[in-house]
Amino acid sequence: MNAQRSTPSSPPFTWRLAMGFVGILIAALTSGLNGRVIDIALADVRAGIGVTYDQASWFTSAYQAAEVVAMMIAPWFAVSFSLRKFALACAGGFMVCGILLPLIPNAQLFLLLRTIQGLFSGALPPLLMTVALRFLPPSIKLYGLGAYALTATFGPNVAPTLAAFWTDDVSWMFMFWQVVPAILISMLFIGWGLPQDPIHLDRFKQIDLFGMLTGCSGMAFLIITITQGGRLDWFESPLFNGLLSSAIVCLTIFLINEWFHPLPLFKLQMLERSNFSYGLMALAVVLVLALAGSALPSNFFGKVEGFRTVQFAPLALTIGLPQLIITPLVAALLSLRWVDCRWLIAFGIALMISASLMGMQITSDWARQNFWTIQLLQAIGLPSIILPLLMSATSVVAPPEGHYASAMFNTVRGFSSIAAGVLVEWFINDREQFHSNVLVNNVANRPWLISTPVSEQASSSIPLLHDGSISNTENIAGFITLLKHQAIVLSLADSYLLMTGFAVLLLLLTVWLPKRVWPPQTRFQPAMTK
């Protein structure tokens, strides 16, 4: 009852309110870009402040853990302190941290301030969804959800280009300072455009403090576990096992507490609605596909071709920039009453499967032009999945439940993005090691395949002479490089096969769980009640 009373009614939608929504959108996109850009150029940050690889890895883990923790609790505090004031505070705090971070030479203070910035950053995307669900009228709500979808499709694919620009042409410090103008504009729009709600401090009488402690601790432990797992050698490390056990215990207690609490962070009863539970599961799967779309070509050009980020970053733009056109078109298509969003999801999945099957044909001779078609299919496929998915899931969410949906969706989104990155990286490395061992064993068992009776015919692909001796060090070094490149190429082909499996899983979920929904502007008309 208190939850219902604490959700103010929506004011009429005006241009002023639209500018407030744009302000939240700018802030959310900027926060997402900040994390991704610095993650890509972490080596430059490490060199700039003089820390080791192990120390710098904690910068990423702490920031990502803080982001997802903030996503869990931000909607609750936004209702309590008012959306406008909370958004301004988070945007301002995020900007101040960005200004100060490059000026701090001490690794410990840098880690602390980066963690605080992660909290402010993680609070902004949930507010975007909250504003879209609460303020946008049915006729344009799909376009608002499309704007939210851009945080998953546009930002991550623009980040490599920005990272290359700042590190190659300007200074690593500007990767942090780039947020300042965008956040200033967003704060101006938010402060002028969003209405001021009453502050509901009475909600603190029923605060889910135990849920916050267990849930936030468990999620932080889990993210640190998976992001540090490779460095700690996974289950061979006592620290890894301890963090994982703590995460499981805390999150189990958290979920039990949320089911019974009168004013929870997560309203788990919403999972009984098939469209909503489908949305959460499908979102986790599609984020793996989205991340692989840029990660796999980047691995190829970085490891096989030896390109720097600036040389292959434009390839990611072929996914990112078209989203500004494709996403509104998908929203317009979904606004048509005869369009079943499930069929549009299936269409997007078919494009992703086609892209993955094409990627499986990868060879060491590929160049950028071989990836253009794959990237184009993914550029169309991703918004064709994500936006209908959001439409399907939010169709069963009542306005007073918007902050619950926002907290759950963004927590799944934040965690899944991190887990997808870890999964793809681990899978590539594991398959590379497997193929490397197979190739080495084949060479060792069949040395005649790389031998020549004439020393003049020896090369990097045939480095041995007929008696088994090495022709010269240059040839054997070249052969080792060819062997390594082939192992990488085979691991990427396996990764595209894995993506095909995820796409098929998503298709099965789409066939099984969601029910037909209609556009927001027609959903509640009398004809729809039949």
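Guide: Start with a contact count: 12 residues of domain 1 are in contact with 12 residues of domain 2. The model is predicted.

Visitor: How much area do domain 1 and domain 2 bury between them, and on which atoms?
Guide: About 1200 Å². Carbon and sulfur atoms account for 79% of it. On the domain 1 side, W58, M72 and W76 supply 39% of the area buried against domain 2, more than any other three residues.

Visitor: What makes the pair R231 and D54 a salt bridge?
Guide: The cut-off is 4 Å between a side-chain nitrogen of Lys or Arg and a carboxyl oxygen of Asp or Glu. The closest N and O atoms of R231 and D54 are 3.7 Å apart. That is within 4 Å, so the pair qualifies.

Visitor: How many salt bridges does the rule find across the interface of domain 1 and domain 2?
Guide: One.

Visitor: How do you know what span to expect for helix α15?
Guide: Helix α15 has 12 residues, 323–334. At 1.5 Å a residue they should span 16 Å. The end C-alpha atoms are 16 Å apart, so the two agree.

Visitor: Which residues of α15 are buried?
Guide: Q323, I326, T327, V330, A331 and L334. Down the axis of α15, the buried residues fall within an arc of 135°, so they line one face. The face turned away from that buried side carries I325 and L329, both exposed.

Note on methods. Residues are numbered from 1 along each chain as its sequence is written. This is a predicted model: local features need pLDDT of at least 70, side-chain atom pairs count only at pLDDT 80 or more; totals for chains, interfaces and linings use all residues. Side-chain values use heavy atoms; hydrogens and water are left out. Helices (H or I, at least four residues) and strands (E, at least two) are DSSP runs, numbered from the N terminus. The expected span of a helix is 1.5 Å times one less than its number of residues. Buried means under 20% relative accessible area, exposed over 50%, partly exposed in between (1.4 Å probe, protein chains only). The arc is that of the directions from the helix axis to the C-beta atoms. Contact means heavy atoms within 4.5 Å. Buried area is the accessible area (1.4 Å probe) that two parts lose on being put together, summed over both.
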